[in-house]
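Here is a short report on one protein chain. Keep the structure open as you read.

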Amino acid sequence: MVSIAESAKQKARVLAGAYGHKLELPVVYTQGVALTARLQLAGLDCDYPDPRADIEAITAEYADNPEAVFVASDGTANYAGVNWASLLADDARYRSLLIATADRFMERDEDGFSSVLDRDFRVEDMFFAGTVLQRATKLTGDDAYVGLAADFVLECADRLLQPNGLYWHCLASPYFWGRGNGFAALGFAETLAGYQGEKRDRLIERHVEHLEGLKSFQDVESGMWRQVVDVADSYTEHSSTSMLGISIALGIRYGWLSKNDWGDVLTNAWWGASDGIDDQGGVLRVCVGTGPLENLDEYLIRDAVTGLDDRGGAMALWFAVEMMNCGL
């Protein structure tokens, strides 16, 4: 049987051939994540051609004209689409783009709340903020960036994390959406990757509380999580499984999770996700774009895409890269 690392490398090469080759307007996190993962893959796989020149060509218009990256109607999902810029930050243009994007999160309303984060505490913003702001702190040394992310994800936990260990989508949609729980977990993991302040223990505690809740809902047969996490006949969903897998792999790599406690959970998630990746980079059952919905049935009947899909493929590529890097 092929090893996990070899399986992950094989799937990463397939996925990197299908994703991370464009950044269209409006810039959005799905395409941005794939660019990030291609750059990370090159650092782990010496046989994968360095994509930097290709990615610089794809992104040059944004680096040269940062005012054109976003328009007034764009929001946090768009801002998260430039997290790759941190990996090109030896070039001042990309460094400036990442920091200018992080500064958008730092703008405050009169009451001190971020002007761009959702006051209904949508879980998506946990990832969108964390992935940009922790990178800005690493580039600048300014802890205020990742500090904002830490405060936000902790407040989301206080408001949205339920006794079963799962997150509501937001205050207005008290349902346990699969990708929503992926956003929550990945928001904590990305924040923790750059946060070293006094709230670190609290961040880990709340993050692990969520992951422990998710353990009991991981499908035993497939290793995956479901479109509605706590509904047994809801379909197994690829993007949520990838995002939760990334979160656990990051925790093992950075040390706030142990291999003994989480290795089997992660391994089972990987085999489930990898089985749903075909030879062209198509992925199996990815929930379509989903804002807050009015009732549980709307989540249960939400369409799923099978085939080439930026949303699922980008996260699957990142998951494969993290599986190469976590030491299992």
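## The model and its salt bridges

This is a predicted model. It holds 22 salt bridges. A few of them are described here.

Start with Arg206 and Asp158. They form a salt bridge, and their closest N and O atoms are 3.2 Å apart. The pair links distant parts of the chain. Arg206 sits in helix H9, residues 200–215. Asp158 sits in helix H7, residues 143–160. Is Arg206 buried or exposed? Arg206 has a relative accessible area of 10%, so it counts as buried. Asp158 has a value of 54%, so it counts as exposed.

Glu237 lies in the loop between H9 and helix H10 (238–254), while Arg179 lies in helix H8 (residues 178–194). These parts are 58 residues apart in sequence, so the pair ties them together. Both Glu237 and Arg179 are buried.

Next come Asp219 and Arg226. Their side chains meet in a salt bridge at 2.9 Å, N to O. Buried means under 20% relative accessible area. Asp219 has 18%, so it is buried. Arg226 has 15%, so it is buried too. Another case is a network of salt bridges, which links Arg13, Asp45 and Asp47.

Which residues form a negative surface patch? They are Asp103, Glu107, Asp142 and Asp143.

## A buried serine and an exposed one

Find Ser7 in helix H1, which covers residues 4–18. Ser7 has a relative accessible area of 6%, so it is buried. What is Ser7 in contact with, leaving aside its neighbours within four places in sequence? The partners are Val2, Trp270, Trp271 and Ser274.

Now find Ser216. It lies in the loop between H9 and H10. Ser216 has a relative accessible area of 58%, so it is exposed. Ser216 and Asp230 are 14 residues apart along the chain. Their C-alpha atoms are separated by 9.3 Å.

## Backbone details

Most residues other than glycine have a negative phi, and most peptide bonds are trans.

The peptide bond from Leu25 to Pro26 is cis, and its omega is near -5°. Pro26 lies in the loop between H1 and helix H2 (29–44).

Phe121 is not a glycine, yet it has a positive phi of about 60°. Its place is in the loop between H5 and helix H6 (124–140). With a relative accessible area of 3%, Phe121 is buried. Arg285 is not a glycine either, and its phi is positive, at about 60°. Arg285 is found in strand E1, residues 283–287. Its relative accessible area is 28%, so Arg285 is partly exposed.

Note on methods
Residues numbered from 1 in each chain as written. Predicted model: local features only at pLDDT ≥ 70, side-chain atom pairs only at ≥ 80, totals over all residues. Heavy atoms only, no water. Patch = residues over 30% accessible without salt bridge, like charges linked within 9 Å, V, L, I, M, F, W, Y side chains within 5 Å. Areas by Shrake-Rupley, 256 points an atom, 1.4 Å probe, with all protein chains shown as cover. Salt bridge = Lys/Arg side-chain N within 4 Å of Asp/Glu carboxyl O. Lys, Arg positive; Asp, Glu negative; His and termini not counted. Charge placed at Lys NZ, Arg CZ, Asp CG, Glu CD. Helix = DSSP H or I, 4+ residues; strand = E, 2+ residues; numbered from the N terminus. Buried < 20%, exposed > 50% of the residue type's maximum accessible area, 1.4 Å probe, protein only. Contact = heavy atoms within 4.5 Å.
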